[in-house]
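Please look over the sequence and the structure shown here before reading the briefing that follows. It starts from one residue and then widens to the chain.

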Amino acid sequence: MILLYGMIGAGITGAPLTGALIRQHNSSEHLKQQVSYYQKQEEESRYLTVWTLKQDIAAGEKLTEGHFEQQQVRVQASDQIGSISDIGRVVGKNAKTALAEGTIVQEAFFYEGEVCTDDVRIKEVTSLRLPEQIKENEYVDVRISFPNGEDYIVVRHKKIQGILQDAETSQVTGIRIELTEEEILRLSAAEFDVNSYRDTALYAIQYREDFQKAAVQNYPVNEKVFDLLQWDPNVAQELSFEDEQEKRALLEEHLEKYKQEQERSASEETLQYDTAIQPSDMTGQKDDSELEIFE
């Protein structure tokens, strides 16, 4: 009996020790698995030299060379980083969204052109006369030409996002461009002028090179659109309307004078034409000398 109790006691005493040994064995196996995993990761990884951001970047901020630095990072051989090797490809562009310090630079993070404000929209424009050789990604100004020779820039330096074509004939019918709320209203005012003043035309004109400086918008809108621009809550930025009303009044004065001159000229031509075809005497009527001969 004493022997039995001794064996039971030894078993009870040895149970914690056995459990500890089992746990230690399991822990050792787990450690081996971790070491094996990291060794495999080490074998399959590689060092890559990339460009990263030296500081946080706000959305819309323009990039300079001082924003970037090169670093070596360890990546898996199968990873597609998409990092660029030539930082010059993004210098001068703007950040699409806020980016944190240390972010690996990818071209998809940035866009070229003016800062994209909240009121920018993509608009399909079909009211323009377009150059025959117009292409996607070219830059154009949208201009308005009046019959008296005055010509203004309605919308400036717009990148063509797409070409619109007739489905059956493949004829170019318009372009797709990005416009702010202000530019949408200015274009609408110009289209109204085209319908209001005979022989007025809206047309697109191309820039020769992408790096050329953008022209200055100088088209004065009509009074109704002018008033709308000042209170429209969708216009994202504060606008400056220096002398715009005075310029518009001068344009309308010139157009009215031109219209009057054209009407007077047309009236004079009509009068001259009527005088040229009118006979000196009434048809069939003979004068007294002709009657005396036959008497």
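**Briefing: R186 and its surroundings**

Leaving aside its neighbours within four places in sequence, R186 is in contact (heavy atoms within 4.5 Å) with V154, Q217, Y219, V221, L229, F241 and E244. The model is a predicted one, in which local features need pLDDT of at least 70 and side-chain atom pairs count only at pLDDT 80 or more, while totals for chains, interfaces and linings use all residues. Residues are numbered from 1 along each chain as its sequence is written, and side-chain values use heavy atoms, with hydrogens and water left out.

**Helix α2**

- R186 is found in helix α2, where helices (H or I, at least four residues) and strands (E, at least two) are DSSP runs numbered from the N terminus.
- R186 counts as buried because its relative accessibility is 3%, given that buried means under 20% relative accessible area, exposed over 50%, and partly exposed in between, with a 1.4 Å probe and protein chains only.
- Other buried residues of α2 include E181, L185, L187 and A190.
- The 16 residues of α2 (residues 181-196) should span 22 Å at 1.5 Å a residue, and the end C-alpha atoms are 23 Å apart, which agrees; the expected span is 1.5 Å times one less than the number of residues.

**Nonpolar cores**

- A nonpolar core is a set of buried Ala, Val, Leu, Ile, Met, Phe, Trp, Tyr and Cys residues joined through side-chain atoms within 4.5 Å, and of the 30 residues in the largest one, I144, V154, L202 and Y219 touch the most other members.
- Elements that each supply at least two residues of this core include β6 (139-145), β7 (151-159), α3 (223-231) and α4 (244-277), while α2 gives the most, with four residues.
- Not counting residues up to four places away in sequence, L202 touches several residues, among them I144, V154, L187 and A190.
- A second, separate core of twelve residues includes W51, I57, L63 and I87.

**Strand β1**

- T49 lies in strand β1 (residues 45-53), and its 45% relative accessibility is why T49 counts as partly exposed.
- T49 and Q71 are 22 residues apart in sequence, yet their C-alpha atoms are 5.6 Å apart in space.
- T49 touches Q70, Q71 and Q72, not counting residues up to four places away in sequence.

**The whole chain**

- The chain has five helices and ten strands, and buried residues make up 28% of its 295 residues.
- Among contacts between residues at least 6 apart in sequence, 65% join residues at least 24 apart.
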